[in-house]
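Hi,

Here's the structure I promised to pass along. Have a look at it first, then read my notes on its salt bridges below.

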Amino acid sequence: MNRRTLLKSAGLLPLVAAADSMAAPAAARKRSVRFAYIGDTHITAETKPMEHVAKCFHHLQNQADKPAFILHGGDTIMDALGQDRDKVQKQWDAWNTVVKADNSLPIEYCIGNHDVWGYEQAKTDPQYGKKWALDQMKLNERYRSFDRNGWHFIVLDSVQLTPENKWYTGHIDPEQLAWLKADLAKTNSKTPILLMSHIPIVSATVFYDKSNIKNGNWQIPGSWNHTDAAELIELFYQYPNVKTALSGHMHLLDRVDYNGVAYMCNGAVSGNWWTNDTYHQTKAGYALMDLYDDGTVERTYLQYI
Ligand SMILES: [Zn+2]
């Protein structure tokens, strides 16, 4: 017998008050999991990036309320897109050195544009393209989903290279879209869903640069925001259990609540690619993410230096 039944049977519960008490108070939600979001670490073998990434790992692991794991939003290394094998190897070595020495939490990775090896002379190398990054991240697939603490996590590969592999735009390819539709369809409609894409699907950060107003019109680069945003917004609208979509890439911090989805761009550990601790209005940092059993999500963005 619960408290309400007990009060009712004892005749102690006035009917009007009972109706009010049926509305679940916000405090009734329970936290499902706390994890740390880090992204755009852009590590190189130089002192500052290595020391600062190490500091970031210590900062998040020293929290009194500890995160259970780390989600890396992509751009782990400074750049592989136009670098030869030796330069890319040095960056991955720097990353692995810091992870080994300064981190004991499991890391779930998402691939970023700078993680992709696009060096022209390496076209015939078996690790060309996304393969090398996936090897480093110990992933079999460039996109995937998994369940954790009552939430369903979907990690997308939003980086699609242009035919010459010199540049990229943000969207998911037809094969990945078909997989995403099937994955959403088979997920229990009561299970809240978190999406992770390196490039934002919906973001206010794209408005920071007025040089993208041309002839009185905004022209948002396809490398900044998913070019298939309209299609994905429609798709998510069919699944009210899609609760949040995280991104990195812009090195800026925002939260856009749209159609019940909290789209959050999560700054950057590297700030302004290590040249400055602030990029426009966003400080270098990482986020603690709290996911709740009612599908709500809270973010705490922290500076670690
Ligand atoms: Zn980046």
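This is a predicted model: local features need pLDDT of at least 70, side-chain atom pairs count only at pLDDT 80 or more; totals for chains, interfaces and linings use all residues.

Residues are numbered from 1 along each chain as its sequence is written, and side-chain values use heavy atoms, with hydrogens and water left out.

I took a salt bridge to be a side-chain nitrogen of Lys or Arg within 4 Å of a carboxyl oxygen of Asp or Glu; that rule gives 17 of them.

R34 is one to click on. It pairs with D290, with the closest N and O atoms 2.8 Å apart. That joins strand 1 to strand 16 (residues 286–292), 256 residues apart (strands are DSSP E runs of at least two residues, helices H or I runs of at least four, numbered from the N terminus). Both R34 and D290 are buried, meaning under 20% relative accessible area, with exposed over 50% and partly exposed in between (1.4 Å probe, protein chains only). R34 also bridges to D65, at 3.5 Å between the closest N and O atoms. D65 sits in the loop between helix 3 (47–61) and strand 2 (70–72), and is partly exposed at 33%.

Then there's K130 with D157, 2.8 Å between the closest N and O atoms. Both are in loops, so the pair ties together parts 27 residues apart in sequence. K130 is buried at 15% and D157 at 0%. These two belong to a salt-bridge network that also links R142, D173 and E175.

Cheers
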